[in-house]
Amino acid sequence: MLQVPERYALFIDNEPVAPLSGDTLPVVDPSDGSTFAQMGRGGGADVDRAVRAARRAFDGSGTEPAAGPWGRLDAVDRGRLLRRWADLIDANREALARIESRDTGKPLGQARADAQALARYFEFYAGATDKLHGQTIPYRHGYTVLTLREPHGVTGHIVPWNYPMQIFGRSVGAALAAGNACVVKPAEDACLSLLEVARLAAEAGFPPGALNIVTGLGGEAGQALAGHPGIDHISFTGSPDTGRRVAQAAATHHCPVTLELGGKSPQLVFADADLEAALPVLVNAIVQNAGQTCSAGSRVLIEAPVYRRVLEMLAGRFAALRVGPGRDDLDLGPLVSQRQQQRVQDFLSQAHADRLEFAAQGTVVEHAPAGGFYQAPVLVAGVPPAHRLAQEEVFGPVLAATPFDDEAQAVAIANGTRYGLVAGIWTRDGARQLRLARQLRAGQVFVNNYGAGGGVELPFGGVGSSGYGREKGFEALYAFTSLKTVALRHG
Ligand code: TXE
């Protein structure tokens with residue numbers, strides 16, 4: 001059984017190490033606002049230490065590339081290690097879920113699903129390590145041309161606080177499978193589960209330096225990682241503004257970047273839709289993880305003839321939702337931090353001032369501690385497409401409902417934000433399903449379901465301010481490799 005120690009160190013070369021400064025940051029329990037542990041406040045010098053550890057694991061000490069203990073490992077053996085790690089995560093699933101729930105505030109059941117998804121990522125990528133092929137290319141007479149998929153080397157991963165285990169799994173799982181050594185900077189608001197997961201990697205047998213974790217602040221450890229010249233690829237999940245800063249820092253040494261920057265994802269409900277099937281999915285898509293989900297379905301666009309009916313059905317479900325401490329495993333837990341709570345309340349105050357219709361609201365249970373960061377889920381109706389609530393990511397349990405008259409208007413509203421991550425279509429009309437799947441500006445489109453980004457096998461990522469590059473599935477493996485073309489002239 002994993003225990004929650006009071007002091008968490010960084011994780012470098014398979015060892016817990018204190019930050020060079022000796023500084024720590026408080027770990028806050030969102031359910032009551034109390035500090036229950038301290039984490040290391042890593043800085044630039046710690047990032048440098050972690051990058052050098054990763055380089056040794058990948059390169060070794062000599063001049064030959066990829067000659068370190070990790071870099072020279074056979075693909076099949078990388079897969080076996082990932083598989084062993086997946087099994088250890090599975091065996092420790094309950095303990096990891098409890099840590100994640102306490103650290104992020106999410107309901108225990110949702111944290112359990114995250115731990116399961118993490119193990120599943122490693123299982124998927126474990127099976128892929130020895131199936132990542134190059135090609136032979138027909139070329140001129142007397143030549144043989146082939147392509148090699150080679151790991152970048154050392155990859156950096158900046159992970160947010162909303163789904164630490166899942167986002168770590170999708171990015172680090174694919175990077176390690178492709179043969180890279182990793183340096184990870186978790187979010188200051190939620191990092192404990194990842195330190196435990198790293199410890200399990202050492203137990204599984206990963207060589208020192210293959211996986212390193214530097215906790216700390218975004219502007220310190222995160223910025224240092226993005227700009228470190230020893231990093232060969234950066235994956236970032238977070239806000240568009242920070243994503244821009246990360247890409248700019250990486251550009252100083254021409255380092256490729258994958259950015260996943262959230263969204264304002266719409267679900268389009270047509271009058272012919274199976275409403276009974278749609279309703280629970282529409283609600284879950286914004287309530288899951290208290291709306292702090294990059295792919296949250298935060299806008300629902302409803303065809304005029306069924307607008308009032310759908311609104312009433314949604315309102316009934318919203319009114320029944322209950323919010324409380326993660327350990328109670330209700331529909332929603334608290335938001336991750338006071339800052340996030342304030343952000344959501346600012347959006348709602350503005351909606352109120354603009355006289356938008358608050359159609360329904362859930363309940364925070366009476367026994368929820370006063371110091372916790374609770375926010376009842378809210379359904380706001382008649383939201384004009386240009387309103388801030390329909391344009392910007394709230395990252396909280398707030399669903400904006402807007403009516404539309406016809407298909408063309410629905411597409412125009414759906415595509416009318418700077419984001420483009422996920423979209424959902426609810427209709428029985430097969431031609432419309434395909435037409436809209438093509439017309440909607442998004443990296444993933446779901447028809448008569450909404451994956452909320454789920455599905456380890458499904459490539460995921462955005463367009464516009466939702467970012468670029470793809471994670472998950474086999475696509476992620478391509479992103480974590482660099483393609484080399486070898487042309488042999490043999491006559
Ligand atoms: O994000 P940041 P914040 C969105 C969501 C949320 C808003 C603000 O709308 O309300 O962003 O959240 C690290 N260089 N998303 O402030 O700043 C930071 O330590 C390098 C959507 O938490 O983007 C953390 O690890 N790294 C999203 C990570 O970046 C830096 C998930 C995310 O923090 C850095 C989270 C810097 N200069 C928030 N500054 C999604 N796409 O799912 C911060 N970081």
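**Before you start**

This is a predicted model, in which local features need pLDDT of at least 70, side-chain atom pairs count only at pLDDT 80 or more, and totals for chains, interfaces and linings use all residues. Residues are numbered from 1 along each chain as its sequence is written, and side-chain values use heavy atoms, with hydrogens and water left out.

**Stop 1: the three-stranded sheet**

Stay with Tyr8 and show the strands around it. Helices (H or I, at least four residues) and strands (E, at least two) are DSSP runs, numbered from the N terminus. Two strands pair if DSSP finds at least two bridges between them. Here 3 strands make an open sheet in the order β1-β5-β4, and the pairing is mixed. β1 (7-8) and β4 (24-29) are the edge strands, each pairing on one side only. β1 pairs with β5 (residues 34-40) in the parallel sense, over 2 bridges.

Axes are lines fitted to C-alpha atoms, for helices over the stretch in contact, and angles run from 0 to 180 degrees between N-to-C directions.

**Stop 2**

Select Arg83 and Asp87. Their side chains meet in a salt bridge, at 3.1 Å from N to O. The rule asks for a side-chain nitrogen of Lys or Arg within 4 Å of a carboxyl oxygen of Asp or Glu. The two residues sit 4 apart in helix α2 (residues 75-91), so about one helical turn separates them. By this rule the count comes to 29 salt bridges.

**Stop 2: where the domains meet**

Colour domain 1 (7-261) and domain 2 (266-455) separately. These bounds come from an automatic or database domain assignment. Their centres, taken over C-alpha atoms, are 31 Å apart. Domain 1 puts 21 residues into the contact and domain 2 puts in 29.

How much area do the two domains bury between them? About 2000 Å², with 53% of it on carbon and sulfur atoms. Buried area is the accessible area (1.4 Å probe) that two parts lose on being put together, summed over both. On the domain 1 side, select Ser31, Trp161 and Tyr163: they lose the most area to domain 2, together 27% of what that side buries.

Next, look for charged pairs across the interface: the rule finds 0 salt bridges there. It does find 12 residue pairs in polar contact, both residues at pLDDT 80 or more. A polar contact is a pair of N or O atoms within 3.5 Å; within protein, one must be able to donate a hydrogen and the other to accept it, and residues adjacent in sequence count only if both atoms are side-chain atoms.

Show α3 (93-104) and α4 (108-126). Each supplies at least two residues of the domain 1 side that touches domain 2. The largest share of that side, 4 residues, comes from α4.

**Stop 3: the seven-stranded sheet**

Move to the open sheet of 7 strands, ordered β16-β18-β19-β14-β13-β20-β21 with mixed pairing. Its edge strands are β16 (357-361) and β21 (444-447). Neighbouring strands are turned by 20° against each other on average, direction ignored.

Zoom in on β13 (residues 266-269) and β14 (residues 299-303), which run parallel and are joined by 4 bridges. Val269 stands opposite Ile302 in β14.

Finish with α9 (residues 275-287), packed on the sheet and touching β13, β14, β19 (398-404) and β20 (422-426). Helix α14 (residues 430-439) also packs on the sheet, touching β13, β20 and β21.

Terms used: Contact means heavy atoms within 4.5 Å.
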